[in-house]
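Here are my notes on this model, point by point. Please keep the coordinates open while reading.

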Amino acid sequence: MWPKSIAALIGGCLVSVSLMLNLNYLLPLATDVKLLIGVLIGFPMWVAAMVYCYASEGGWHAWKRCGGIILVSASINGYYLVG
């Protein structure tokens, strides 16, 4: 249970931050509206990522689930950061 909890806390937070950064790059809104959306959606997204981790079979499987999402999201973030 502890390995899934650690994966859910750390990996879920990274997933949430990375996905919110994707939305920040993709939404054509003012900066203050993007920040408000990030505050309102960030925590529920973290909770959803934690539930996704807890639904896995073990700690390693939870890390693989989070790692796959983070890999895709971070590559999108890198594309927008460089370009």
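1. The largest nonpolar core has 8 residues: A7, A8, V15, A49, M50, C53, A62 and C66. A nonpolar core here is a set of buried Ala, Val, Leu, Ile, Met, Phe, Trp, Tyr and Cys residues joined through side-chain atoms within 4.5 Å. Buried means under 20% relative accessible area, exposed over 50%, and partly exposed in between, with a 1.4 Å probe and protein chains only. Helices α1 (2–26), α2 (31–54) and α3 (59–82) each give at least two residues to this core. Helices are DSSP runs of H or I, at least four residues, numbered from the N terminus. As background, nonpolar side chains in soluble globular proteins tend to be buried together.

2. A word on provenance. The model is predicted; local features need pLDDT of at least 70, side-chain atom pairs count only at pLDDT 80 or more, and totals for chains, interfaces and linings use all residues. Residues are numbered from 1 along each chain as its sequence is written, and side-chain values use heavy atoms, with hydrogens and water left out.

3. Take A49 from the core list. Which residues does A49 contact, leaving aside neighbours within four places in sequence? They are G12 and V15. Contact means heavy atoms within 4.5 Å. V15 is itself a member of the core.

4. S16 sits in helix α1. Is S16 buried or exposed? S16 is buried, because its relative accessible area is 6%. Its side chain reaches the backbone oxygen of G42 at 2.8 Å. That is a polar contact (a pair of N or O atoms within 3.5 Å; within protein, one must be able to donate a hydrogen and the other to accept it, and residues adjacent in sequence count only if both atoms are side-chain atoms). Beyond four places in sequence, S16 touches G42, M45 and W46.

5. K34 belongs to helix α2. K34 is partly exposed, at 21% relative accessibility. Its side chain reaches the backbone oxygen of L27 at 3.3 Å. K34 and N24 are 10 residues apart in sequence, and their C-alpha atoms are 6.1 Å apart.

6. Now the cysteines. How many disulfides does a search of the whole structure find? The count is 0, where a disulfide is a pair of cysteine sulfur atoms within 2.5 Å. C13 is partly exposed at 31% relative accessibility, whereas C66 is buried at 1%.
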